[in-house]
Amino acid sequence: MTSTKITRTAGRATAAAGRHEARLLWHGNRGLFALLQAARHAGPVTRVPRLGWVVTDPVLARRVLNDHEHFGMNGEGGVGHLWTQLFGEEMGRFFGGARHTEVRTAARDLFTEDAARALIDRSQGAHHAALARRLAAGETVDVADSARVLAGRMVADVLGLPADRPDGTYRALFGAGERLAALALGTTASTELDPATVRRARAIVEDITADVPGAYRTGGPDTLLGRCREIGLGPAMARGLATLLVIAGTETGASGTVRTVALVHDTGGGRALLEDPSLLDGAVREGLRVAAPAPVIGRHVVRDADVAGRTLRAGERVLVLTYLATNGAGPFDVRREYVPETRQLWFGGGRHLCLGAAVARVQVARMLATLLADGRPYAITHRRAARRVLVPSYAELRATLVR
Ligand code: HEM
């Protein structure tokens, strides 16, 4: 092939990958799709009627997330506002208070790079080995279903919930988290929940946390619930934090995994990774940058603040559009170098920077390694977008090895 033809083919593949991604946003979350389309052509900080301020620039986005004096998690627009309505004031105070620092400090060693590798091996290793065997035998596997089961297994393990149940238990845990998160679909304009939504949410929380009291009482020091007990957090807050971890760690992680698998495939990155395995970390970073599974981060304006010459008033809300801020660097490219402006904005920034970032990265890397373990690229034979979900993703992504 001539170099012009190669460039043209690569351009077509990149455009197709972009279309698949756009379809996921459209089917998953129409409100988000519309917001991203509208904000794409807005300035770096814009006031949108009924929504509040919208930030699309990566440097300004990080500035907002790092500025805890002016922007908070509690109050209209912040995610802490949602948690307060479900679990009460103590949970709300947690996001902005000393307890937050205390819990993060107590949990830090469970989320280091080494701990993340051990956690993924322990909770997902057997499933990956089975997937690799099935692929090598010529079978087609559903990467999306596996990603959901694996996310559920990982979260159960780190919390100290029973880890030895069949896949269905963890698929159900994932499903409950997805249903709870979907209740937040209508909160882009306001984080105030109506009483019926609160009732539905509390019923789902009962499902998610059925095993939490036992794990809280007996969990060892290497489990998050055991740590909660050790620092005297109390069973009610432990339930709240367990739910937070299920919400924060399953949908985002599964979406990041399955979309990275698709992006690598759609752009011909599989062959590149087989030829040069040192590209793997970059492929994971690119997948998460482009998919940005936490596409919007909300904050409440606590005090009047100046952002790039605009005055944001106390009581207003800010939506940091991480999806646009990270995608500004361009489409998925398995060979793209680290982007300094973006850094790892898909994991947020400041005090609330994703606690599970290392876990998420290892999880995506392990899935790619499994799909490429036989030394052959994989083909996607069928895909279906998830519908009406908070985090756009694939409901189904079937892959098989190329002969
Ligand atoms: C690709 C996957 C993931 C993405 C894109 C992601 C993204 C984020 C973002 C943007 C935040 C900050 C939210 C805010 O500031 O309001 C966050 C927080 C958090 N994430 Fe993740 N996350 C991912 C996976 C995970 C996993 C696998 C876990 C757990 C094992 C996890 C646990 C958490 C927790 C506990 C917080 C709250 C941190 C705090 O408030 O101090 N996340 N995540």
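Modeller: Let us begin with burial. Buried means under 20% relative accessible area, exposed over 50%, and partly exposed in between, with a 1.4 Å probe and protein chains only. In the protein chain, buried residues make up 52% of the 403 residues. This is a predicted model: local features need pLDDT of at least 70, side-chain atom pairs count only at pLDDT 80 or more, and totals for chains, interfaces and linings use all residues. Residues are numbered from 1 along each chain as its sequence is written, and side-chain values use heavy atoms, with hydrogens and water left out.

Colleague: How many helices and strands does the protein chain have?

Modeller: Helices (H or I, at least four residues) and strands (E, at least two) are DSSP runs, numbered from the N terminus. The protein chain has 18 helices and ten strands. Its radius of gyration is 21 Å, close to the 22 Å from the globule rule for 403 residues, so the chain is as compact as a globular protein of that length. That radius is taken over C-alpha atoms, and the rule is 2.2 Å times the number of residues to the power 0.38. Along the principal axes, the C-alpha trace spans about 60 × 55 × 35 Å.

Colleague: What share of the contacts with a separation of 6 or more is between residues 24 or more positions apart?

Modeller: Contact means heavy atoms within 4.5 Å. Residues 24 or more positions apart account for 73% of those contacts in the protein chain. For a local case, consider Val 302, in the loop between strand 5 (297–301) and strand 6 (305–307). Leaving aside residues up to four places away in sequence, Val 302 touches Glu 69, His 70, Phe 71, Gly 72 and Ala 314. Val 302 is partly exposed, at 39% relative accessible area.

Colleague: Is Arg 133 buried or exposed?

Modeller: Arg 133 counts as exposed because its relative accessibility is 56%. The residue lies in helix 7 (residues 113–136).

Colleague: How many disulfides are counted?

Modeller: A disulfide is a pair of cysteine sulfur atoms within 2.5 Å. By this rule the count is zero. The sulfur of Cys 228 has its closest cysteine sulfur in Cys 354, at 17 Å, which is too far for a bond. Cys 228 is buried, with a relative accessible area of 5%, whereas Cys 354 is partly exposed at 29%.
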